[in-house]
There are 2 protein chains.
Amino acid sequence: MTTAPLSPSSRTTVTRGRNRAVEDRAELHALLADALIAHVGVDVGDHPVVLPVAFAVDLDGPDQGGTLYIHGSVAARWLTRSEGSTVCVTITEVDGLVAARSAFHHSMNYRSAVVIGAARVVDDPDEKARALSLTVDHMVPGRAATLRPHTRKEIAATSVLAVPLHEASLKIRAEGPVDEPEDVDAGVWGGVIPIRRIAGAPVPAPEAVDSRVPDDVVRRSEQLA
Amino acid sequence: MTTAPLSPSSRTTVTRGRNRAVEDRAELHALLADALIAHVGVDVGDHPVVLPVAFAVDLDGPDQGGTLYIHGSVAARWLTRSEGSTVCVTITEVDGLVAARSAFHHSMNYRSAVVIGAARVVDDPDEKARALSLTVDHMVPGRAATLRPHTRKEIAATSVLAVPLHEASLKIRAEGPVDEPEDVDAGVWGGVIPIRRIAGAPVPAPEAVDSRVPDDVVRRSEQLA
């Protein structure tokens, strides 16, 4: 695991809103832990396609800066086609709506990471199995250990894309509105509507045999509540 | 405003998980109304970049199927550079974590729209002003009417990208785990952890002159609660 600052290349150097750029790997890792999905952009010829994906992070993974794993089906053509190409994976959490005194200064509080790197299709069954377990644990921490092992057929039917976490940038906005003084003086209300994600009580599948909700699911539900 | 089914081209025809594709413009519009941000993918030479953006929808906008407006600063190079190029705008809401009886069948409940189209940089000051107001109202419905008019300087300092809503696809997953019968019989718990977004009580800016929270902010806070 690396603790190198975020930084890397001109591709991920934040040029807009430089004051929002954060160069701290710990903050990047915290965002990756909080977020449920990523949006991956791949070139498919004459235009990019952006798709939501489940993901997992292995800070001790084989890639520089750790490895970001993206999970898909073997039938997902965009995924296997992106082997070797440069992809962009963006992870964003909205933390608040910033209601300024003018339309112009309306904004959002958010955390957003942009990771750019060469996509590697994971072939090794052990790395694939590990990525699949990490993806389950990313959704419901601790759950993978409570499940039966992956079968060879399941591993073969899963495609996993690995992207190095090395080249990443992070932007965070976490403040109130930045208004013109005359708008503040005019007495218009300005402030933030905080936004967060919560979980409801777990809903058992209709055909559930055992009605006891396992601890990992209860914990995840409470974590997000 | 169009009520034509989603449809369009081979670029937005859902090839994976066809059973999750939804061809109903009303469901697309409902997702666009619920979502706070979009992720836009643009080509920047040898790779795509995916960025989170505030957005607004004008179903009566000048483009076929209505217009999706993306809001940025004039200094955001990716935005002005994307004029005429094909961009992909993806809007995703996560509605639940699907805890299956095997790692392989873990999934999420979600709604995701993918819009692909030629980006048009909005030059007309009236259309720009309208897009800016729609973006504010998308964040806090009804707020734009409570604010002073945009200044010419603010309009000039804002870049707005328009993308037609014509070429769009929508995928929705909204069900429990789809498990192997033998895993169900084994008595492992399976179900869904519902996820939703809530708002906290509005936080006034420290320099607030008027401490009364306006109705539009209260309503938005309650809508998301």
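Two strands pair if DSSP finds at least two bridges between them, and a strand here is a DSSP run of E with at least two residues, numbered from the N terminus. Leu97(B) stands opposite Ile193(B) in strand 9 of chain B. Strand 4 of chain B (residues 86-99) and strand 9 of chain B run antiparallel, joined by four bridges.

A word on conventions. Residues are numbered from 1 along each chain as its sequence is written, and chains are lettered from A in the order in which they are written. As this is a predicted model, local features need pLDDT of at least 70 and side-chain atom pairs count only at pLDDT 80 or more, while totals for chains, interfaces and linings use all residues; side-chain values use heavy atoms, with hydrogens and water left out.

Now the second chain. Strand 9 of chain A pairs with strand 9 of chain B (residues 191-199) in the antiparallel sense, over five bridges. Arg197(A) stands opposite Arg197(B), and Arg196(A) stands opposite Ile198(B). Strand 10 of chain A (residues 203-204) also runs antiparallel to strand 9 of chain B, with two bridges. There, Pro204(A) has Gly191(B) as its bridge partner.

How are the two chains related? A rotation of 180° with 0.0 Å of shift along its axis superposes chain A on chain B, with an RMSD of 0.0 Å. That is the relation of a two-fold axis. The superposition is by least squares on the C-alpha atoms of residues with pLDDT of at least 70 in both copies. Of the residues of chain A, Arg197(A) comes closest to the axis, at 2.2 Å (C-alpha).

Next, the interface. Contact means heavy atoms within 4.5 Å, and 87 residues from chain A and 87 residues from chain B take part. The copies meet through the same surface, because 100% of the interface residues of chain A are also interface residues in chain B. Chain A and chain B bury about 7,100 Å² between them, 69% of it on carbon and sulfur atoms. Buried area is the accessible area (1.4 Å probe) lost on being put together, summed over both parts. Phe104(A), Met139(A) and Trp189(A) supply 11% of what chain A buries against chain B, more than any other three residues.

Last, the charges. How many salt bridges (a side-chain nitrogen of Lys or Arg within 4 Å of a carboxyl oxygen of Asp or Glu) lie between chain A and chain B? The count is two. Asp183(A) forms one with Arg148(B), the closest N and O atoms being 2.7 Å apart.

Terms used:
Buried area is the accessible area (1.4 Å probe) that two parts lose on being put together, summed over both.
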